Amino acid sequence: MKILIVGDIVGRPGRNTLKAYLEKYKNNYDFIIVNGENAAAGFGITEKIAEEFFSWGADVITGGNHSWDKKEIYEYLDSSNSILRPYNYPEGVPGKGYTVKEVNGSKIAVISLQGRVFMSTVDCPFKAIKKILKELENVTKNIIVDFHAEATSEKIALARYISGEVSLVYGTHTHVQTADERIFENGTAYISDIGMTGSQNGVIGVESEVVIKKFLTSLPQKFEVAEGDEYLNGLELDLDEKNGKVKKINRINWSEE
């Protein structure tokens, strides 16, 4: 099974880049996962945007700390089993933290988790993932985890904690692609962050001047999505769906030009 995973889509530039890539290459993949938490003007996602992603070929949309920025999405999070928010938010919040899909006769589970280091307080991701894995024990060995976290150490620790129990742990949130993709000895693949999809002209997808002013003054600023020099960051992997082990993993850093 060949799987595509796309890093945080940032605003309209990111959406346009995703669309262009999928128009060219979506038929190369059996399953496509997209992180969409920054898709609506850089903050949150709407139902309309989510449906666009699905129409372009995405199978699952994962989230993060910005999943909640557009309140109109709350009902959609409850009604759809193809868009996720981090599982380890307090009980009772809208949406689902994982889903199971069938692909060419095989089942694949996608899990969304959020870290705690340098981020808002949520339930423990280490305890949460073990609970999910228990529920999936007799469902599928093909398990992919989007760990939306700030600290590299937390990401690596979680990956080592569940190494051999899942197919892939990949990081999102920092919007900076890392060069540490690897496959552990037991077939679990890992990368600290797959990066973002959007403009490289700014600071992690936001206009540079605004971010610099915030650092200089420490005053609140209205962030605007940067434009130009757009890239799609992501990951593609070959997964042996019979045993849940990854055979090959490659980073993607793609520009339409």
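Which residues of helix 2 (residues 47-56) are buried? They are I49, A50, F53, F54 and W56. Buried means under 20% relative accessible area, exposed over 50%, and partly exposed in between, with a 1.4 Å probe and protein chains only.

## Basis

This is a predicted model: local features need pLDDT of at least 70, side-chain atom pairs count only at pLDDT 80 or more, and totals for chains, interfaces and linings use all residues. Residues are numbered from 1 along each chain as its sequence is written, and side-chain values use heavy atoms, with hydrogens and water left out.

## Helix 2

The buried residues of helix 2 are I49, A50, F53, F54 and W56. They lie on the same side of helix 2, because they cover an arc of only 165° around the axis. The arc is taken from the directions from the helix axis to the C-beta atoms. K48 and S55 are exposed, on the face turned away from the buried side. Helices (H or I, at least four residues) and strands (E, at least two) are DSSP runs, numbered from the N terminus.

The buried residues of helix 2 pack against strand 2 (8-9), helix 1 (11-25), strand 3 (31-35), strand 4 (60-62) and helix 3 (73-79). Contact here means heavy atoms within 4.5 Å. G57 follows helix 2 and has a positive phi, near 130°.

## Aromatic pairs

The whole structure has nine aromatic pairs. Rings of Phe, Tyr and Trp (its six-membered ring) pair if their centres lie within 6.5 Å; planes under 30 degrees apart count as stacked, over 60 as edge-to-face and the rest as tilted. W68 and Y74 pair edge-to-face, at 5.9 Å centre to centre and 85° between the planes. W68 is buried, at 13% relative accessible area. Y74 is partly exposed, at 27%.

W68 and Y89 form a tilted pair, with ring centres 5.1 Å apart and planes at 55°. W68 sits in the loop between strand 4 and helix 3, and Y89 in the loop between helix 3 and strand 5 (98-103), so the pair ties together parts 21 residues apart in sequence. Y89 is buried, at 14% relative accessible area. Elsewhere, Y21, Y25 and W254 form one aromatic cluster.

## Cavity

The structure holds one cavity of 30 Å³ or more. The largest cavity has about 30 Å³ of space. A cavity is a set of points on a 1 Å grid over the protein atoms alone where a 1.4 Å probe fits but cannot get out; lining residues have an atom within 4 Å of a point.

G36, E37, I45, I61, T62, G63, S67, L77, I83 and L84 line the largest cavity. Five lining residues are nonpolar, four polar and one charged.

Definitions and conventions
On a 1 Å grid over the protein atoms alone, a cavity is a set of points where a 1.4 Å probe fits but cannot get out, and a pocket is an open set with protein on both sides within 12 Å along at least five of seven lines; lining residues have an atom within 4 Å of a point. Grid points are joined across faces, edges and corners, and a volume is the space filled by probe spheres set on the points. Ala, Val, Leu, Ile, Met, Phe, Trp, Tyr, Cys and Pro count as nonpolar, Asp, Glu, Lys and Arg as charged, and the others, Gly among them, as polar.
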